[in-house]
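Have a look at the model below before we start.

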Amino acid sequence: MAELLRSLQDSELVARFQRRCGLFPAPDEGPRENGADPAERSARVPGVEHFPAANGGGAPAKGLRRAAAPQAFVQKYIVKNYFYYYLFRFSAALGQEVFYITFLPFTHWNIDPYLSRRLIIIWVLVMYIGQVAKDILKWPRPSSPPVVKLEKRVIAEYGMPSTHAMASTAIAFTLLISTMDRYQYPFVLGLVMAVVFSTLVCLSRLYTGMHTVLDVLGGVLITALLIALTYPAWTLIDCLDSASPLFPVCVIVVPFFLCYNYPVSDYYSPTRADTTTIMAAGAGVTIGCWINHFFHLVSKPAESLPVIQNIPPLTTDLLVLVLTKFAVGIVLILFVRQLVQNLSLQVLYSWFKVVTRNKEARRRLEIEVPYKFVTYTSVGICATTFVPMLHRFLGLP
């Protein structure tokens, strides 16, 4: 068993998968920096291209280890099969923010708020556990070389488990389980679509060189376990927005506490910021649903009771309506996000007496967590409460 686990964690296995899919490192592996070759720099923190802590500037703020950002070194690569290249780059995007900020609101506005609420709550739970597990286990990402890494932003994060694999599995199978008794469609078709979706995202993590096979399998297995353990409580989840007037306080205090006390990593990475974004969005959606039902802005029975429904045919009029509602909602969400982010940063910069132009200050615990939390809680409330109100005002059913 130990030998099997070591083989699944081997970077060479990922490199072989890349080569079979037509992705090869270029003969010239790119410019050297400070006389060190890529292998030497990678060895300092296995699988993560970091430099030691920068000198000067005083002690880092609470919750922030002084460390250089991931290096500018990029291994050059050659693509010999563009079908796999575009397929897996697209599949990787299905596990990133651009997918969540479009698919989840789209589901709420155009398909079924009942489904979107379940999806978001399970997604938040799975992602928080996955992100925290990364910074507790501290398993390195695949070494480069031999692996070619195609993504730069998350290269500073640890590898185990793959949160892309966790999120895609959670969304695909939560959607499948939640729609089985609500919509009429062939179950086999839904199962195949769920498997294909999650499989493509999982394979994309190998192709992009961001995870080992063990990272991906670990993410899938953890998610399967979480779905099995939480499934008996899913009916309770549907009733969360009918709780007492103190419910919004708990929804804000608990996630904020978890984000503010997030495990401190040896090196700065976007893990804490991403976790705060996810937790805040979930809190905002939950509060928005509570507002809707507490103030009777929506009809509870029509939205949440499990009634078998037929999937309507896709007509031109329906397509125009769906795209219009989506465009209106996204514009309002982006406006609110930018407005609240700017205001919250200005207040925090003034409170902590930080120069506005200092972008590094955003990484400080006392600034990063509050501004992210306030911004994305506002986005969640906007998506679930104010966007539907705007839709009704504009006559968009």
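What follows is a short chat about a few residues.

Guide: This is a predicted model, where local features need pLDDT of at least 70, side-chain atom pairs count only at pLDDT 80 or more, and totals for chains, interfaces and linings use all residues. Residues are numbered from 1 along each chain as its sequence is written, and side-chain values use heavy atoms, with hydrogens and water left out.

Visitor: Is Val-369 buried or exposed?

Guide: Val-369 sits in helix H15 (residues 365-393); helices are DSSP runs (H or I, at least four residues), numbered from the N terminus. Buried means under 20% relative accessible area, exposed over 50%, partly exposed in between (1.4 Å probe, protein chains only). Val-369 has 0% relative accessibility, so the label is buried.

Visitor: Is Val-188 buried or exposed?

Guide: Val-188 belongs to helix H8 (residues 187-207). Its relative accessibility is 57%, so Val-188 counts as exposed.

Visitor: How many disulfides does the structure hold?

Guide: A disulfide is a covalent bond between the sulfur atoms of two cysteines. Here it is counted as a pair of cysteine sulfur atoms within 2.5 Å. Cys-259 is buried at 1% relative accessibility, and Cys-382 is buried at 2%. The number of disulfides in the structure is zero.

Terms used
Helix = DSSP H or I, 4+ residues; strand = E, 2+ residues; numbered from the N terminus.
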